[in-house]
Amino acid sequence: MKKFLYLVLLGFLAFPALASVSAANLERMATKDVIPEIRLAGGYALVNYYAATKAETELLGLAEGGATEAIKLAASLALSQKWVGAGKTRDELMTVITEGKTPEVRAAAVPALMELLVTDEADALLELAKSGATEELQYAAGKTYLQKIRAKLDRVQLESICADETLSSGYRKAAAEVLAGYYLFPAQQALSLGQLEEQALNSANPYLRYAAAYALVNFLVEESADTLYKKVVSLFLAPGISAEYRWAYARALGLKWAAGL
Amino acid sequence: MKKFGVSFLVVAFLAGFALAQEYKVVPFGQGEWKDFTVGQYGGYLVLGSLDNPKTFNHHIAQETSSTDITGMLHAGLTEVNPITDMVEPGLAKSWEISADGMVITFHLRQGLQWSDGHPFTADDVVFTFNGVIFNEDVRTDYRDVLLVEGKLPTCEKVDDYTVRFTLAAPFRPFLRMIGGAIYPAHKLRHLSRVYNPDADPEALNSAWSVDTPPEEVVGMGPFKLKEFIPDQLVVIERNPYYWKVDPKGNRLPYLDGIKYAIAFSLDTIMLKFRNGELDVYAPRPEDIATLKAEAAQKGIKIVIDPTKPLFGTTWIAFNQDCPDEKLRKYFRMVEFRRAMSHLVDRQTIINNVYLGLGVPQWSPVSMLSPFYYPDVPKYDYDPEAAGKLLDQIGLIDRNGDGWRDFPDGTTFEFELNTNAGNTIREQVCQIFAADCAKVGIKVNFNPINFNALVTKLLGGQYEACLLGLTGSSEPHGGANVYTSCGGLHFWKYSDCEDPTPVAKRIDELFDLGVKTYDFNEAYEYYKEYQILVAENLFLIYTVNMLYRYAYYENLQNTAGFSPLAGALGFAEVLWKKNPNMVGNRIVG
């Protein structure tokens, strides 16, 4: 009975958001929705709106002290858009990525820093990926390193990086995102939707779950926003669903909402 | 009276000018343009470039870092439709060809203006050919492609909007070749010694260098030069006088311009694309997985079109003049070559070597050419059929060692070369050699240095080799390979002295194909040529790499992107759903 009431309540709360996608609705969801993944989807959907309407200092403030993780995320991704190609020096970006007050501020420096790291030697990048001062720096170096050696990569290597608990979390996250591509291409070796869902739900390794979830987003965006919304709600109510699987649906929903903004 | 006269002249001039503007309408929504839509103005297309341009002088430029830009600044008498690859009217609205095919008269569009507003007339065309292209002072390769039987055509003005070319012999590709950039006489005539004997012989070669003020570089193309910041950026902007319109009468292009972001490595360019700093990118096979992973989250569209392989071919050749007499006998047998074709496992090659990004190639003509004939005979992978053919010609295992033997009992074996270091070709050779072994054919695979391989090939000193040839949509480009005395007729140079009936017929077909201006008639000649080549397997074609392209979904009218024209071929019709976005980023 309690669960039924909760469902009714969720349905009621959700209705205005589904009726129309607006920045105000998205901000309200990203701030106040009771379901973390709905908040997250709202945050993803706000990125371009924030990039178009907010100044760098405002975004920096939100990435540091936004009301929720979702608002911080939206500000972080919008800030990263502004910093790409903006002429920030390597030192400036390294300072942000190592000393930024929140993970979201540090993450905002990743794309711009990667463009400067890409000319580094592969060995130096690997070292930075393994032992960078912050997870965000490990991740930036790891993604750059893996792009640099991509012609020699294969799925097995990437899965072994994901599974290796001695490696840094940032590097393993980078490997998981690259691995997602090998779950989709080449077509002859690609995982099916069912296989991706199974891995995103049940793999014992969180990075392998994340890799599958990251790939899964490419399928989920084919669904309607309404379908995705209902699925996110149902996943919230179901016990034992992996965080990575729930993230995939939230990410896809955020993309659909962003497209309608 | 004087005042009246002046006013009348102005009115007459303006009225006449307005009435006479003969724009070209690009028919979006119809025919080959059916998937294209009327767009909205605004925004810059941002592309990556691997180097600085070295010149803005199109006829001098030789590197793509220059020609990718200069190609946008100019237009020609004819142009090639980027979707169909067919020749269409450009600055010339029509043309007539004399009955003997030697005289081509072009009628120019009236009322057009250069990017600086100056009127465009026949004087510009005559200046371009007589004063620039045919001028020996000018170091341009363009002159070479206009040679017909070793002679340049003549170009003369008939009236302000009519020019006439006279050829030494009929030459069908002329209409395609004559579409080179027309230069503005009012800007450059004084630099040509044809018109100004006092001009410096180097003046036209050094004209429009990268230091030239952008407004001095004048053209009839969709864009004009705006800015060049060395090592950083080239910007071209919409030509306000461009002569094409959409079906609603909106003047093209839709984009405000194109920015070429200069980076000096493909890794950087790929990263810039992934970061949303570029709108389009041509990924390599190893890039695809990375981009696929991010595609949905970043709004990237990845086009891998199985119907559009790249130009060029990869093949295995058996030297029918090979020094080894015993091998030569078999290499000359069509049954042997068909057996070899049956041993090329094209699907495995596509799957394992090209990561799925390939298609089987069967014809010497590129699949994208309008002359391509798809239904040629095909001798596809079939080891059993290969074995039967080999048995039929007497290549059997006579001593039970697992290898087929010559009639004298010695093992039938040949050396297969390719250029060392080309990992794709090396893998294809290994797959082929392994399949040959399965039916008892011993292949000694030996990759060698590229220059050494070319020397062996052109000297007729090889046994078998796997290599590639570049290609284009024009089948006559294959004349140096397939005509019996062609310089690249490397599988049987003896055809030149003693042509087989098939070789003689191919010579005839090439001759007929180039001397008619009737596409359908030419198509029939090239169709027969393709059938003959496929039946006789002078070269055994393998697999061709597929066309691949990636772009952000904000970009519209991308339906025609293809190896024929890439993204730039459609620059004048592209538009952005959100003009304030580059890639997936809001920039304005």
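H11(A) and H13(A) cross in the right-handed sense. This is a predicted model. Helix H11 covers residues 135–148 of chain A, and helix H13 covers residues 169–182 of chain A. The two pack at an angle of about 40 degrees. Their axes lie 7 Å apart. Angles under 35 degrees count as roughly parallel and those from 65 to 115 as roughly perpendicular; H11(A) and H13(A) are therefore oblique to each other.

On the H11(A) side, the contact uses A:Glu135, A:Glu136, A:Leu137, A:Gln138, A:Tyr139, A:Gly142, A:Lys143 and A:Leu146. H13(A) answers with A:Ser169, A:Gly170, A:Tyr171, A:Lys173, A:Ala174, A:Ala175 and A:Val178. By class, the contact of H11(A) with H13(A) holds 7 nonpolar, 4 polar and 4 charged residues.

From H15(A), the contact takes A:Pro206, A:Arg209, A:Tyr210, A:Ala213, A:Leu216, A:Val217 and A:Leu220. From H17(A), the contact takes A:Glu244, A:Tyr245, A:Trp247, A:Ala248, A:Tyr249, A:Arg251 and A:Ala252. The contact of H15(A) with H17(A) has 11 nonpolar and 3 charged residues, and no polar ones.

## Strands of chain B

| Strand pair | Sense | Bridges | Residues facing each other |
|---|---|---|---|
| S5(B) and S6(B) | antiparallel | 5 bridges | B:Glu96 and B:Thr105 |
| S9(B) and S10(B) | antiparallel | 6 bridges | B:Lys224 and B:Glu237 |
| S10(B) and S12(B) | antiparallel | 5 bridges | B:Val234 and B:Tyr260 |
| S17(B) and S19(B) | parallel | 2 bridges | B:Asn417 and B:Cys465 |

One open sheet of chain B has 4 strands in the order S5-S6-S8-S7. The pairing is antiparallel. Which strands form its edges? They are S5 (92–97) and S7 (154–159) of chain B, each pairing on one side only. Neighbouring strands of this sheet are turned by 25 degrees against each other on average, direction ignored. Within the sheet, S5(B) pairs with S6 (residues 103–108) of chain B. Helix H3 (residues 122–133) of chain B packs on this sheet. H3 touches S6, S7 and S8 (162–166) of chain B. The direction of H3 makes about 170 degrees with that of S7(B).

Another open sheet in chain B has 5 strands, ordered S18-S17-S19-S15-S20. Here the pairing is mixed. The edges are S18 (442–448) and S20 (539–541) of chain B, each of which pairs on one side only. The twist averages 30 degrees from one strand to the next. Inside this order, S17 (residues 413–419) and S19 (residues 464–469) of chain B run in the parallel sense.

S9 (residues 223–229) and S10 (residues 233–238) of chain B pair in the antiparallel sense. They form a hairpin with 3 residues between them. B:Asp231, in the turn, has a positive phi of about 70 degrees. S10(B) also pairs with S12 (residues 257–262) of chain B, again in the antiparallel sense.

The domain assignment of chain B gives domain 1 (75–208) and domain 2 (313–545). Taken over C-alpha atoms, the centres of these two domains of chain B are separated by 40 Å. Their contact takes 10 residues from domain 1 of chain B and 11 residues from domain 2 of chain B. The side of domain 1 of chain B that touches domain 2 of chain B has 5 nonpolar, 2 polar and 3 charged residues.

How many residues does each chain bring to the contact between chain B and chain A? Chain B supplies 22 residues and chain A 31 residues. On the side of chain B that touches chain A, H8 (266–274), H9 (288–298) and S25 (585–586) of chain B each supply at least two residues. H9(B) gives the largest share of that side, 8 residues. The residues of the side of chain B that touches chain A divide into 9 nonpolar, 7 polar and 6 charged.

Note on methods. Residues numbered from 1 in each chain as written. Chains lettered and ligands numbered in written order. Predicted model: local features only at pLDDT ≥ 70, side-chain atom pairs only at ≥ 80, totals over all residues. Contact = placed C-beta atoms within 7 Å. Nonpolar A, V, L, I, M, F, W, Y, C, P; charged D, E, K, R; others polar. Pairing = 2+ DSSP bridges. Domains from an automatic or database assignment. Axes fitted to C-alpha atoms, helices over the stretch in contact; angles between N-to-C directions. Parallel < 35°, antiparallel > 145°, perpendicular 65-115°, else oblique. Left-handed = near helix turned anticlockwise from the far one by under 90°.
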